[in-house]
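Biologist: I am new to reading protein models. Could you take me through one, feature by feature?

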Amino acid sequence: DRLSADAPANAPAGTSFHLSAIPPHEFDHAYREQLPETCLGAKFLQEEGEHLDTVTQIDPQTTYAVRTPTGHPVYENFRTEMFMELMKAPASKDQL
């Protein structure tokens with residue numbers, strides 16, 4: 001199974017999106033298990049061809065982590081948004 005190219009439910013219609021726009025619960029429920037834990041560089045090159053990043057190269061002999069690094073922007077964006085919301089709250093002893 002391949003991940004859908006459709007934007008997540010919270011993305012504005014007609015806009016491009018980044019992984020970080022996907023809420024963690026949606027990522028975990030709809031996408032996480034579709035991702036392989038790892039991928040051999042040769043397999044990626046065979047299935048996807050060259051990538052557009054001019055700074056990095058894909059080594060056919062290297063096994064790359066996929067699932068965990070893909071989830072990182074999803075979870076980190078959520079933590080950042082929660083932190084920003086907490087910072088907006090009035091100061092109280094409960095925050096300590």
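**Reading the model**

Modeller: Helices (H or I, at least four residues) and strands (E, at least two) are DSSP runs, numbered from the N terminus. Keep in mind that this is a predicted model, where local features need pLDDT of at least 70 and side-chain atom pairs count only at pLDDT 80 or more, while totals for chains, interfaces and linings use all residues. Residues are numbered from 1 along each chain as its sequence is written, and side-chain values use heavy atoms, with hydrogens and water left out.

Biologist: What does the chain average in pLDDT?

Modeller: First the idea: pLDDT is the predictor's confidence in each residue, from 0 to 100. Here the chain averages 85, and 81% of the residues score at least 70.

Biologist: Which residues is proline 73 in contact with?

Modeller: Contact means heavy atoms within 4.5 Å. Leaving aside neighbours within four places in sequence, proline 73 is in contact with His18, Leu19 and Ser20. The C-alpha atoms of proline 73 and alanine 21 are separated by 8.7 Å, although these residues are 52 apart along the chain. Threonine 70 is also found in helix α3, and is buried with a relative accessible area of 17%. Not counting residues up to four places away in sequence, threonine 70 touches Leu19, Phe27 and Leu35. For the chain, take the contacts between residues at least 6 apart in sequence: 55% of them join residues at least 24 apart.

Biologist: Which residues of helix α1 are buried?

Modeller: In helix α1 (residues 24-31), the buried ones are Pro24, Glu26, Phe27 and Tyr31. They sit on the same side of α1, because they cover an arc of only 160 degrees around the axis. That arc is taken from the directions from the helix axis to the C-beta atoms. His25 and His29, on the other side of α1, are exposed. The buried residues of α1 pack against α3.

Biologist: Why do residues three or four places apart in an α-helix point the same way?

Modeller: An α-helix has 3.6 residues a turn, so residues at that spacing point the same way.

Biologist: Next, salt bridges. Which residue does arginine 67 form a salt bridge with?

Modeller: A salt bridge is a side-chain nitrogen of Lys or Arg within 4 Å of a carboxyl oxygen of Asp or Glu. By this rule the count comes to 5. Arginine 67 forms one with glutamate 33, with the closest N and O atoms 3.7 Å apart. Since arginine 67 lies in helix α3 and glutamate 33 in the loop between α1 and β1, the pair ties together parts that are 34 residues apart in sequence. Arginine 67 is buried, at a relative accessible area of 11%, whereas glutamate 33 is exposed, at 58%.

The side chains of glutamate 37 and arginine 67 also meet in a salt bridge (2.9 Å, N to O). Glutamate 37 lies in the loop between α1 and β1, so this pair with arginine 67 of helix α3 ties together parts 30 residues apart in sequence. Glutamate 37 is partly exposed, with a relative accessible area of 45%.

Biologist: Where do glutamate 76 and arginine 79 lie?

Modeller: Both lie in helix α3, 3 residues apart, about one turn of the helix. Salt bridges that share partners join Arg32, Glu33, Glu37 and Arg67 into one network. As for glutamate 76 and arginine 79, their side chains meet in a salt bridge (2.7 Å, N to O).

Biologist: And methionine 87: is it buried or exposed?

Modeller: Methionine 87 lies in helix α3 and is exposed, with a relative accessible area of 56%.

Definitions and conventions:
Buried means under 20% relative accessible area, exposed over 50%, partly exposed in between (1.4 Å probe, protein chains only).
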